[in-house]
Amino acid sequence: MTVMEQRGAYRPSPPPAWQPRMDPAPLLPDAEPYRVLGTEAAAKADPGLLRRLYAGLVRGRRYNAQATALTKQGRLAVYPSSTGQEACEIAAALALEERDWLFPSYRDTLAAVARGVDPVAALTLLRGDWHTGYDPHEHRVAPLCTPLATQLPHAVGLAHAARLKGDDVVALAMVGDGGTSEGDFHEALNFAAVWQAPVVFLVQNNGFAISVPLAKQTAAPSLAHKAVGYGMPGRLVDGNDAAAVHEVLSDAVRHARAGGGPTLIEAITYRIDAHTNADDATRYRGDSEVDTWRGHDPIALLEHELTERGLLDEAGKQAARDAAEAMAADLRERMNQDPALDPMDLFTHVYAEPTPQLREQRDQLQAELDAESEGPHR
Ligand SMILES: Cc1ncc(C[n+]2csc(CCOP(=O)(O)OP(=O)(O)O)c2C)c(N)n1
Ligand SMILES: [Mg+2]
């Protein structure tokens with residue numbers, strides 16, 4: 001048969017039937033961020049949990065104020081405050097079991113401390129003293145991560161490995177709104193969904209990536225909507241409502257532990273302070289926006305609920321403040337002691353096998369230190 005005859009014999013047929021691989025509707029976030037405080041759902045919230053959240057929030061705010069003060073005294077190089085975001089920080093820590101893992105960003109010191117990391121050790125990186133100040137295995141808290149979103153693939157890797165080993169472990173990875181534009185965010189969510197890894201992604205949408213507002217960051221309907229493209233559920237929550245954040249995170253952790261796969265949660269919150277002590281936020285945002293968010297303060301919201309239900313009186317508030325003050329005093333005192341540092345530690349744990357350049361730099365520093373220790377130079 002000639003080619004022309006073959007072509008003539010070709011009968012077009014419709015393409016094979018196509019169907020979406022799953023119904024996307026259940027993955028979509030609700031139209032409104034989920035709330036508990038100030039709604040009927042609040043009556044069902046566990047009083048003990050609300051009290052623990054309250055104590056954690058009060059302590060967290062005091063920690064932020066103290067750490068910021070330490071930057072002004074030259075005791076801390078930099079501090080990214082999470083004032084206004086304490087509900088996300090504390091609820092994240094309380095939604096995990098001891099055996100679970102937390103993968104924090106540089107802003108998530110409070111979550112690390114709420115999981116048991118020593119408040120001083122949590123600041124080691126921000127003081128510039130060492131790579132990280134605590135043993136990540138002790139409280140199952142990965143090092144605070146400064147390169148944006150790199151903690152996300154780490155969390156997925158750990159969660160996937162745990163599942164392969166049969167360990168009943170969930171990883172919670174925290175990231176900012178700006179971090180969602182990173183390639184690592186995409187790779188982490190894609191792998192997590194394909195592998196159905198037991199991981200929960202918590203995006204704290206605090207409105208800004210340093211000076212870049214969300215509108216310049218993304219054109220997505222919400223960050224939670226991004227979940228659908230990966231094949232995982234997206235959830236929206238009021239990030240200043242500690243009870244709501246705790247409930248949504250706990251649901252996602254339970255779902256992941258039961259083999260249901262990952263969830264992407266977007267918590268709507270606001271960064272009350274500047275990006276860090278080195279930033280001047282008045283250059284890119286107005287006071288009225290900040291004031292509006294001060295009116296939706298996570299501590300005030302929870303305090304109101306607890307007071308209304310007769311679960312918190314003046315003595316209870318004072319007890320929370322006293323505990324926070326004692327923590328701050330201890331932090332101040334220990335941070336005011338000069339740490340004993342070996343400059344040669346700069347080169348420790350950078351690579352398993354140091355590169356020739358690193359070896360050269362190490363030798364050079366050692367020679368300089370030796371020369372210095374030989375006493376005053378002639
Ligand atoms: C890979 C990478 N690129 C750029 C930076 C510089 N940087 C530090 S914080 C930041 C903004 C991040 O904003 P967001 O993810 O919203 O977190 P937030 O600081 O608001 O908690 C940028 C761009 C970085 N640390 N890492
Ligand atoms: Mg942000």
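Biologist: Thanks! How far apart do the C-alpha centres of domain 1 and domain 2 lie?

Modeller: A word on the source before I answer: this is a predicted model, in which local features need pLDDT of at least 70 and side-chain atom pairs count only at pLDDT 80 or more, while totals for chains, interfaces and linings use all residues. Residues are numbered from 1 along each chain as its sequence is written, and chains are lettered from A and ligands numbered from 1 in the order in which they are written. The chain splits into domain 1 (25-335) and domain 2 (343-373), with bounds that come from an automatic or database domain assignment. Between their C-alpha centres, the separation is 37 Å.

Biologist: How many helices and strands does the chain have?

Modeller: Helices (H or I, at least four residues) and strands (E, at least two) are DSSP runs, numbered from the N terminus. The C-alpha atoms fill a box of roughly 100 × 65 × 45 Å along the principal axes. Within the chain, the secondary structure comes to 15 helices and seven strands.

Biologist: What share of the residues in the chain is buried?

Modeller: A residue is buried if 20 or more other C-beta atoms lie within 10 Å of its own, exposed if 12 or fewer, and partly exposed in between, with C-beta atoms placed from the backbone. The chain has 378 residues. The buried share of them is 40%.

Biologist: Which residues are closest to ligand 1?

Modeller: A residue is near a molecule if its C-beta atom, placed from the backbone, lies within 6 Å of it, and 14 residues surround ligand 1. By class, this shell has five nonpolar, six polar and three charged residues; here Ala, Val, Leu, Ile, Met, Phe, Trp, Tyr, Cys and Pro count as nonpolar, Asp, Glu, Lys and Arg as charged, and the others, Gly among them, as polar. The closest are Leu 148, Gly 176, Gly 178, Gly 179 and Ala 209.

Biologist: What span should helix α7 have at 1.5 Å a residue?

Modeller: Helix α7 covers residues 151-165, which makes 15 residues. The expected span of a helix is 1.5 Å times one less than its number of residues. The end C-alpha atoms of α7 agree with that expectation, and the value is 21 Å.

Biologist: What covers the buried residues of α7?

Modeller: The buried residues of α7 include Leu 152, Val 156, Leu 158 and Ala 162. Two residues are in contact if their C-beta atoms, placed from the backbone, lie within 7 Å. The cover includes β1 (101-103), β2 (171-176), α8 (183-195) and β3 (199-205).

Biologist: Is Ala 149 buried or exposed?

Modeller: Ala 149 lies in the loop between α6 and α7, and has a positive phi of about 70° although it is not a glycine. Most residues other than glycine have a negative phi. Because 22 other C-beta atoms lie within 10 Å, Ala 149 is buried.

Biologist: How does Arg 140 count, as buried or partly exposed?

Modeller: Arg 140 is in the loop between α6 (136-139) and α7, and its phi is also positive, near 55°. Arg 140 has 19 C-beta neighbours inside 10 Å, so it counts as partly exposed.

Biologist: How many of the 18 residues of α15 are buried?

Modeller: Helix α15 (residues 356-373) reaches 26 Å from its first C-alpha to its last, close to the 26 Å expected. After α15 comes Gly 375, with a positive phi near 95°. α15 lies largely in the open, because its number of buried residues is zero.

Biologist: And how many of the nine residues of α3 are buried?

Modeller: Helix α3 takes in residues 86-94 and is mostly covered. Among its buried residues are Glu 86, Cys 88 and Ile 90.

Biologist: How far apart in space are Glu 266 and Pro 33, C-alpha to C-alpha?

Modeller: Glu 266 sits in strand β7 (residues 263-268), while Pro 33 is in the loop between α1 (3-9) and α2 (47-72). Glu 266 is buried because it has 27 C-beta neighbours inside 10 Å, and Pro 33 is buried because 22 other C-beta atoms lie within 10 Å. The two are 233 residues apart in sequence, yet in space the separation is 8.6 Å.
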